[in-house]
Every structure is written in structure tokens, then in C-alpha cells.
Amino acid sequence: MLAWDPGTLLLPVAEGFILAYFLLLQGSYLILLLISYVSVLRYRHAVACEHWRSIIQSPLTLPISIIAPAYNEERTIIESVRSLLSLEYPEFEVIVVNDGSRDATLLTLIEHFELTPIPVTIEYAIPCRPIRHVYRSSKYPRLVVLDKENGGKADALNAGIIMASHSLFCAIDADSLLEGNALLRITRLFLEQPDTVAVGGVIRIANGCRVERGQVTEVGLPGNPLAIFQSVEYLRAFLFGRVGWSALGALLIISGAFGVFRRQVVLDVGGYRHDTVGEDFELVVRMHRRLRDRKIRYRIVFLPDPVCWTEAPETLRTLGRQRNRWQRGLIDTLKIHRRMCLNPRYGRIGLLAMPYFVLIELLGPLIELSGYLFVIVGFCLNLINLPFLLLFLTLAILIGTVLSVASVVLDEIAYRWFPRLSQVLTLIVFGLAEHFGYRQLTVWWRVRAFLDYWRGNKSWGAMERKGFTRPRA
Amino acid sequence: MSVSFILSIIVVCLILIIGMIIFVILERLMLKLVSAYNQTRIAFFEDLVLQALFDLEGGQRLHAIARCVYARWRCGRPGLRRFDIWSLDRSLLETAAELRGSDRQILVAVFEDAGGLARELRNLRALWWHKRLAAVHKLRIMHSRRAVPDLIRALNDRNRTVRNAALRALGELGDERAFPFLLKALEDQTRWSTLWAAHSVLAAGPAIVPPMHERLTSLRDPQLRALYLCLVSLLGDPSATDQLFTGLQMLSERAHGLS
């Protein structure tokens, strides 16, 4: 009778699984990268000669309501609202929703913009906590401020949608800055392709940039290494992740920090959900679901050039909370819409995007952590061939670095945001360095999110903001 | 997965990473060189010409520049290299985009006589769609009416972006030969975005109002009629308001089963 040897039985299975997952992961990333290169360059050509002024001057340009939920944002709110009011667009309104802030956000707004309360009758077409007051500014007629009971970001966005007076609305974070022509660029698609229901734009990190009068006037790299790692991550996520999925017609995420939606469609699907921390992701998936259920032709697209600048967390604690929340949002949304996964009724969304998100984004951190544990245990039990392991790790790191460098180069070819070569090279170095510590940290935060989700944690976690500062001269 | 296979992929990755880094460095270096080169070549074009092209004042000066540029081109482009032609081309286009009226006409004439029109018309038949698109945009900016028949042909381009650009170019050119095509685009929702087509119709200006009135007499679709009337009123035709009012009344009566 043969003795049971866990090494001979389990090792090949585990090895095979890790290898298959590795090939699936890197293969899908590489395919997305290739698709993104083609689509970003195509898009660049398409808008290179665009006559933006003719769009601005046309009376047919679609008016838009910008909704900025604000909770305890007294340090950045003035700069952000000023930035929004100075946008280059023919017709828009800015709706700032004070979501029951405990600090002086509302007071700061009232004093600075000379707001006065106005009487309005509110029809709650989608659920949201009561709106206490509506303020308007005599100085800035485009500005509307809503003061409501605290109900979270989704609730605040719903209040903004209810009060919006235009057919398109743009959801942004109150601590973000929109590039001057971002609205013009993002709404162009609604004009050109009327079946467009939602468009997402790029989020870039403002840490280290020079900000004057609510506009980024000089792009720089953050001084904090954690923020530089995030710069590389954002480039990768937006320039090849979202562009690739958008080109495949299966975009599942439009960032809550910057997205434009058709108001009526969002009202029809019930607005943002309050009971999830990934309300932006959930809304887009629900839109796909409902529109496909009703067999309505639609487009949900990502554009690589309308830019929104945001402040990235610079401490491990804040970043950890943010990543934890993102992962919980992902788990929640995929759980809510689990019936879409592998369901041919939902086409590319059900057969391609959802399985990808489940396998790579949702289970990725768990599988990666298992891989690390497997290596440690295997090494202790002398079951692993060390030279082979080192070779395999080198390969994984190099492929990851190729993806990061390729994103930086794509940004360089298409947009050249960073004025100095040294900044681009720094990003490339950080693209390599992130594999030694930073990546493992993000995996740990995302794994912890599973535990938090299981415990029923639905909190956002406090975010520390420094405000947009001027970089050192 | 064999060791040799992993090693070969590692080598490929390393080559890719190093290649991309070299590419970025070379690209930045090239940009610096081009910028430095352009700076020195500006002197070649005589300060007056390019300075004035960038910073125009008055028709007289423009005439002088036009003659100067034109003469240089006619003389077989002595000393003009690819970059110089490109710079000049760009200057002409940027300037033309800012100008109106007779000043613009002068630059259009320079562009056409210097071979720009023929070159862009050739580019309209290029294999690459982005070359065709750039040609459409240049023809639009230069307001070259001689390009209208070719732009009308570009409405059937196999690339949607080129088709859309041609539609908008024809609108901005405001040439009456293009009007039937603009109105057709406005009505054909399967091929064109109505809003995009409406942009083009508005860009064409009041000259398109008479053919729109003519079309209105035979148009049956109430939505299209309303759209036509809205556009006519936006184009500043006062008679549209009355017609719009009558049209809306008819629609309202029909909705209430009154007729």
C-alpha cells in the first residue's frame, strides 16, 4: 500500500492552478493593453483636429448639471467650487450637496459665495434623505447648494440628481478639480452618438501639481512615494484597463470622482444605491442590466482625455481604508448582480466582463495571498525548487513592470502630461519598485476587506485631506 | 512551463522595458531638437513673415506676407525642408482659424496656390483614415470652396469619424451645393446623429434657410418638421416662430384627438 504523500499529490495541482491563473491574468492584461494602445491612438487622431470652439458656440450643445457631494470638505470646498465655476462650457449649473457636514463646509460656502436660501418644492423621484434648504448665489447664478441630512455619498448624489435641471449630469467628488475643457470633451460623445448613456473620464493625481484659482497650472509628481505608486496605478487602471474594456463594449466602472450620465436613464434605474460602498460601480452594472433587460441600445464609454484631478492619500492608514472600501464595493456589487455572470442574456458584460471581475479583481487578492503562503509553506517543507521559484517570480515582476511602463509610455505618446523626462523616468522606476512591498500591501488590504465585508462593515472610513497646495519652488 | 521558456519570456520582457525607456528618452530628445530647429528656422523665413503670421494686424500686412510666402513657394521652395513646410502649413492653418472675411480669403488663396489644396484633396483618398480626417479638417479650416465636391464624396467615407468631420466641414463652409446633403443628414437618423447634423446645419448660417423652407412644404414627419422649425428659428428667421407655433398647435391637437 502506497503511503499518502501530500507533496506528490497536492503540489502538482497547486502548481498547475497557479500557472493557469498566472497565464489567464497576464494574458488578459496584455490583450487589454494592446486594445488600449489601438483605441487611445485612434481616439487621439479622431479629436486631434476637433474644432472645440464650434461646439462651445453652438446653441445645441447639451447643458449639464455638475453634482458635487461634500462631507466635511471645508478645507478644499472653495477651491473646488471655484474650479467648477470656471469651466469652459456654454451652459451648466453646479450643484454642491452638503451631506450634513459636521464641520463648517456649509458656512464657508454661504459666506464665500453669498448664498441665500430659496423656497422650492421638491419631488423625490428617487430615494434620498430630506433636503433641508436650497441655496442660490446672487454672485454666481450657476451655483446651487443643497443642504441635506447626512446619508452618504450615494444619497447626496441622488439629492443632486433630483434637483438637477439638465438632461445630463456630471457626478464628481467635491475634493476634485476638473480640467478646464473636460466637460466639453466628455459631452462630445453624447452629441456624436445619441445612444450614449454614460461616459467616464480619467482621474489623475493632483498631489505635487501646482494649483492656481482652482485649476492645475503645472503638472508635477507627488513628493510622497506612496502617492507616486498610486500615480502609476492610476495610469495603468485608466489608460489600459478602462480604455480596453470600453473598446470591448463592456465597461463596468465609471469612477465616482468623474462621470457624466443621462439623468433620465439614472432616474429610470432608481438612482444610486445607499446600501453599498461601491455605489459608482453598482450603478453602472445596474444600468447595463436594466438596459439589456429592456433590450435598449446604449453605450457606456470611457474617454482617455477628459481629466479630473484628485488628491491621493499619502498615509498607509488612509490608503488602506480606501482600498478596503473599494474591494468591499466590488464584492457587494458582484454579489448583488451575480446572476449576470456567465449569463448569455447580458452579452459581453455577462460572458466577459463579469467573469473577469470575479476571477481577477475579486478573487485576485485571495489567490495572490494563497500563492505567497504556498511558496512559504512549500519552501519550509522543501517542496519547492528555489531557482525555478526565483525565475518565476522574476517573470511575474517583469511582466507587471512591462504593463506599468507601457501605460506610462502610452500616456507619453498620447498626452505627454509630465513636462520633464525625469518625472517620466521616476514613474517607470516606481512601476518596478511597486512589486516589492506596495503590491503586497494592497493585496493585504483587499483581503482584509473580505473579512470586513463578512462582518457587515459598510462604513466609508474617514479620509484625510490636505487640500490642494502649491508644490515647493 | 520549462525553464528555457520562462527565460525567453524574461528576455523579451527586459527587451520591451529597456526598449520603451530608450523610446521615451529618444522621443524627449527629438522634441527638444525639433523645438530648437524650429527656433532657428524661424529666422530663415524672415522674422517679419512668421511673426506676422502668428500675430496678425491689418490687411495690408497680410497682403505683403501672402505675396512673400507665395513667391517663395512659387520659386520651387528654395531651402524649404519638410519641417519648414510643416511649420508654414501649421501657421497658415492656425492663422486661418482665427480670421474672418477678406483676410481669411487671402490666406485661403495662399493655401490653394501653394499647392495645399491639391495636397489635401489627394490626402482625402489616403489609405489611413486619420490622414483623410486631417485633410477634411484642414480643408474646413481653410474654407476652400473648391474642395466642396470632394467633401461631399467624403460623406460616404468608410470611416464614421471622417464622415462626421466632412459633414461638419460642409456645414462650416456654408456652400449651397452641400445644403441638400446637410438636410438629408438631418433626416437620416440611421446614418447620422441628429444633433451632430443639426450642428452642421446651424454652422451653415442663414443661407440654408430657403432650402429648409422648401423642404418643409413636403415634409410629413411631425418631429422632423418641429426640428426644422427650431433650427430655422435658431438661424434667426422670424417667420419660423409663427410656423413653429402653428406646428406645435397641430401636434397638441393631434395628441388630444381633436383632429
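This note sets out numbered points on the predicted model of chain A and chain B.

1. Basis of the note. The model is predicted: local features need pLDDT of at least 70 and side-chain atom pairs count only at pLDDT 80 or more, while totals for chains, interfaces and linings use all residues. Residues are numbered from 1 along each chain as its sequence is written, chains are lettered from A and ligands numbered from 1 in the order in which they are written, and side-chain values use heavy atoms, with hydrogens and water left out.

2. Extent of the interface. Chain A contributes 44 residues and chain B 41 residues to the contact, where contact means heavy atoms within 4.5 Å. The two chains bury about 3800 Å² between them, and 72% of that area lies on carbon and sulfur atoms. Buried area here is the accessible area (1.4 Å probe) that two parts lose on being put together, summed over both. On the side of chain A, the residues that lose the most area to chain B are Leu60(A), Glu192(A) and Leu391(A), together 15% of what that side buries.

3. Polar features of the interface. Between chain A and chain B there are 6 residue pairs in polar contact, both residues being at pLDDT 80 or more. A polar contact is a pair of N or O atoms within 3.5 Å; within protein, one must be able to donate a hydrogen and the other to accept it, and residues adjacent in sequence count only if both atoms are side-chain atoms. The elements of chain A that give two or more residues to the side touching chain B are helices H1 (6-48), H2 (52-57), H6 (182-192), H13 (386-414) and H14 (421-433). Of these, H13(A) gives the most, with 14 residues. Helices (H or I, at least four residues) and strands (E, at least two) are DSSP runs, numbered from the N terminus. By residue class, the side of chain A that touches chain B divides into 27 nonpolar, 8 polar and 9 charged residues. In this scheme Ala, Val, Leu, Ile, Met, Phe, Trp, Tyr, Cys and Pro count as nonpolar, Asp, Glu, Lys and Arg as charged, and the others, Gly among them, as polar.

4. Salt bridges across the interface. The rule finds 2 salt bridges between chain A and chain B, a salt bridge being a side-chain nitrogen of Lys or Arg within 4 Å of a carboxyl oxygen of Asp or Glu. In one salt bridge, the side chains of Arg416(A) and Glu27(B) meet at 2.6 Å, N to O. A network of salt bridges links Glu412(A), Arg416(A), Glu27(B) and Arg28(B).

5. Salt bridges within chain A. Over all chains the count is 34 salt bridges. Asp173(A) pairs with Lys153(A), their closest N and O atoms being 2.8 Å apart. This pair links distant parts of the chain, with Asp173(A) in the loop between strand S6 (168-172) and S7 and Lys153(A) in helix H5 (residues 153-163), 20 residues apart. Asp173(A) is buried at a relative accessible area of 18%, and Lys153(A) is buried at 15%; buried means under 20% relative accessible area, exposed over 50%, and partly exposed in between (1.4 Å probe, protein chains only). Glu192(A) forms a salt bridge with Arg188(A) at 3.0 Å; both lie in helix H6 of chain A, 4 residues apart, about one turn of the helix, and both are buried.

6. Strand S12 of chain A. In S12(A) (residues 299-310), 11 of the 12 residues are buried, so the strand is largely enclosed by the rest of the structure. Strand S7 (residues 177-178) of chain A runs antiparallel to S12(A), joined by 2 bridges, and Leu178(A) stands opposite Cys308(A). Strand S8 (residues 196-205) of chain A runs parallel to S12(A), joined by 8 bridges, and Ala198(A) stands opposite Ile300(A). Two strands pair if DSSP finds at least two bridges between them.

7. Asn207(A). This residue is found in the loop between S8 and strand S9 (210-212) of chain A and is buried, with a relative accessible area of 7%. The side chain of Asn207(A) reaches the backbone nitrogen of Ala312(A) at 2.8 Å. Residues touched by Asn207(A) include Gly220(A), Pro222(A), Thr310(A) and Glu314(A).

8. Chain B. The secondary structure of chain B comes to 14 helices and 0 strands. Of its 259 residues, 45% are buried.

Key. Lists of a residue's contacts leave out its neighbours within four places in sequence.
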